[in-house]
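Thank you all for coming. Please have a look at the sequence and the model on the screen, and then I will take you through two places in it.

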Amino acid sequence: MSASRIGETTDAFGPDEPGPGSGDLLAALLDGMDAALCAFDADGVITHWNREAERILGWTADEAVGRTGFAGWAARPADADEVQGRLMSAMHAPGRQVHEFALLRKDGGRVLVRTQSAGVPGAEGKPAGVYCAFSEVHAQIDLERAIALSEALFDDASWGVVLVDVDLRPTVVNAHAARALGVGRTTLLGRPLGELIVQGMEELEGALQHVLAEGAPPSPAELWVTLRRAEPGGRGERRRCWRSGFLRLASPLAEEPVPLGVGWLFQDITEAKTAEQEAAQLRFRGNQLHRAGRAAAECEDPMEAALSYLDFALAGFADHALVDLVVGDHPARLVRAAATPSGAPGPCLPVTGGAGIPVPYPSGHPAFQCLDRLGSVRASGGPEDWAVRRQWPRDTVHALCTVLRSRGRTLGVATFLRGPSRSAFERPDATYAENIAVRVAAAIDLAQTLKPS
């Protein structure tokens, strides 16, 4: 069978128009293939042999075309009949057949190849030959591993995987990433990530753009993001920490690396990072209490020692501190005894010139609630005048009141205040404030005991 028979094509040009012949076009197509390809006629004679076949085995098309089978040149004599029989059996079988053979290179070396062969029908539908595409087994296995890896990443991986295009819009989202983002796998495709990420989007976009321009960073990055809850019934926002790795994706088919986008892999480490931060915070606060105790021990005046505790406690904890002491019993009134400056941060100082006038706290004030409960009370701001109406500095957004008790008596209330740049007080903060209050109350109790009657 002739070469033009297997690769018979129709010329796309008219009879009077110049254009490439079908044989030239077929040769160009075969030589441009990434896979090695050869073809046999019905008698087993090789009719086609492309450049990739030449690269793998070393035999040129001139040396291969016209030979009958691989016997005596591309296969060992002991293997040649079996190889030829399996290949030619595809001529009478439906579909494609896959086999693995050991063939011989021109230099005498052996190479294991994986073949896909199928029959070629003739003009009347009768078997006319076989075409065979083959590649080195290790290359095929590498390809299959790459495909298996991508499928595993996009289905079962314990890491989130998101592929974004050059416009930073998601094109593929795996199951783990979809759960982490709180959306379906197809919901986010083609849409900006900013629709789900409330805070931290600038850092993420900066990382993605850097990877597109410069390539992958040398180590993973830890990104804190705040997610808008998208799941049914979800309320509020979620703050998460993701350890993220980035890979620049480039087309393997282009001569020059053409960026296709970025592969973003991430793992949620929020619990570990939160535990790490809490441990660091506990160490810092423990050190502050230790330092405060040593400083207070050097104070001759117990009231000075009490304020020293507050000064050490404010570091990294609050912006302002107030000390109000109880005067009278029914009803109890609170008189300002010490406070930090209402403007710029400063030390906690005794209040002078107050003449014992009670602080005009409104009914239901957190300080009064603290006295009633004999425990800590947390509060966060609402309207602009929220802080002013409670006799606190205007920039106050969060407050924590804790009772001062010593020897079974309530001495007053210590109030810690935070501005808008800080987060609300939480339960661990209340515990720390109570530890401070125990020390402050003991010092104030001593000061009142030593005060001349």
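This is a predicted model: local features need pLDDT of at least 70, side-chain atom pairs count only at pLDDT 80 or more; totals for chains, interfaces and linings use all residues.

Let me begin with asparagine 174, which, once its neighbours within four places in sequence are set aside, is in contact with Leu153, Phe154, Ala157, Trp159, Gly160, Val161 and Arg185.

Is asparagine 174 buried or exposed? The relative accessible area of asparagine 174 is 0%, and because buried means under 20%, this residue counts as buried. As for the side chain, one of its polar atoms lies 3.0 Å from the backbone oxygen of tryptophan 159, and the backbone nitrogen of valine 161 lies 2.9 Å from a polar atom of that side chain.

Let me now turn to the largest pocket, which holds about 830 Å³ of space. Its lining is made up of 22 residues, and those that lie nearest the centre are Gln277, Glu278, Gln281, Ser423 and Glu426. Which helices each supply at least two residues of that lining? They are H9, residues 270-297, and H13, residues 427-450, with H9 giving the largest share, nine residues. Sorted by class, the lining of this pocket has nine polar, seven charged and six nonpolar residues.

Note on methods
Residues are numbered from 1 along each chain as its sequence is written. Side-chain values use heavy atoms; hydrogens and water are left out. On a 1 Å grid over the protein atoms alone, a cavity is a set of points where a 1.4 Å probe fits but cannot get out, and a pocket is an open set with protein on both sides within 12 Å along at least five of seven lines; lining residues have an atom within 4 Å of a point. Grid points are joined across faces, edges and corners, and a volume is the space filled by probe spheres set on the points. Helices (H or I, at least four residues) and strands (E, at least two) are DSSP runs, numbered from the N terminus. Ala, Val, Leu, Ile, Met, Phe, Trp, Tyr, Cys and Pro count as nonpolar, Asp, Glu, Lys and Arg as charged, and the others, Gly among them, as polar. Buried means under 20% relative accessible area, exposed over 50%, partly exposed in between (1.4 Å probe, protein chains only). A polar contact is a pair of N or O atoms within 3.5 Å; within protein, one must be able to donate a hydrogen and the other to accept it, and residues adjacent in sequence count only if both atoms are side-chain atoms. Contact means heavy atoms within 4.5 Å.
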